[in-house]
Amino acid sequence: MSADALSCVKHWLSDDELAKAECFHLELHRSRYIVGRAALRRVLADRLGCSPAAVRLSYGTNGKPMLEGGRGHVEFNLAHSGGDAVVALADGAAVGVDIEILRPIADVESLARLVFSDVELRELALAPDPGLAFLNGWTRKEA
């Protein structure tokens, strides 16, 4: 996204979102964060019938954003990885999404033992591509 386009959507973000954006050391990561939050606000604003800047978010105990006061009974989730992002919306039901860049994972079995159940570990052991199977299982857990 060009600097001009970025400045057009940056004003939609709240003060806390702008502060978080400034914490990114790399301009690429800062820009991706701003674009992701602006896209989320655009999607929510379209659903709520307001401007993206008027969307008010609060945060749960684990930092998950939610519409302040449960406005519109819309649940949402945002995930991003690299240059890709996904937004999910649901009316009155919890929703979760996650995406991951396909990449090699060193010692996938040790990592899996930290986060997978016994059933998931058995499935991973049978998988023809353990790295892909791990990422598939991980994204389901994260979502």
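In the predicted model, helix H1 (residues 3–10) packs against H3 at an angle of about 50 degrees, and the two axes lie 10 Å apart. Because angles under 35 degrees count as roughly parallel and those of 65 to 115 as roughly perpendicular, this value makes H1 oblique to H3. The crossing of H1 with H3 is left-handed. On the H1 side, the contact is formed by Leu-6, Val-9 and Lys-10, which meet Ser-31, Ile-34, Val-35 and Ala-38 of H3. Classified by residue type, this contact comprises 5 nonpolar, 1 polar and 1 charged residues.

From H4, the residues in contact are Val-108, Glu-109, Leu-111, Ala-112 and Val-115, while H6 contributes Pro-130, Gly-131, Phe-134, Trp-138 and Lys-141. The contact of H4 with H6 divides into 7 nonpolar, 1 polar and 2 charged residues.

These helix pairs belong to a chain that contains 6 helices and 4 strands. Along the sequence, the elements follow the order α-α-α-β-β-β-β-α-α-α. The C-alpha trace of the chain extends over about 50 × 35 × 25 Å along its principal axes.

The largest pocket of the model has a volume of about 490 Å³. Its lining consists of 21 residues, of which Gly-63, Lys-64, Pro-65, Asn-77 and Leu-78 are the closest to the pocket centre. Helix H2 (15–22), helix H3 (27–48) and strand S3 (74–81) each provide at least two lining residues. The largest share of the lining, 5 residues, is supplied by S3. By class, the lining of the largest pocket is made up of 9 nonpolar, 5 polar and 7 charged residues.

Conventions:
Residues are numbered from 1 along each chain as its sequence is written. This is a predicted model: local features need pLDDT of at least 70, side-chain atom pairs count only at pLDDT 80 or more; totals for chains, interfaces and linings use all residues. Side-chain values use heavy atoms; hydrogens and water are left out. On a 1 Å grid over the protein atoms alone, a cavity is a set of points where a 1.4 Å probe fits but cannot get out, and a pocket is an open set with protein on both sides within 12 Å along at least five of seven lines; lining residues have an atom within 4 Å of a point. Grid points are joined across faces, edges and corners, and a volume is the space filled by probe spheres set on the points. Ala, Val, Leu, Ile, Met, Phe, Trp, Tyr, Cys and Pro count as nonpolar, Asp, Glu, Lys and Arg as charged, and the others, Gly among them, as polar. Contact means heavy atoms within 4.5 Å. Axes are lines fitted to C-alpha atoms, for helices over the stretch in contact, and angles run from 0 to 180 degrees between N-to-C directions. Angles under 35 degrees count as roughly parallel, over 145 as roughly antiparallel, 65 to 115 as roughly perpendicular and the rest as oblique. A crossing is left-handed if the near helix is turned anticlockwise from the far one by less than a right angle, and right-handed if clockwise.
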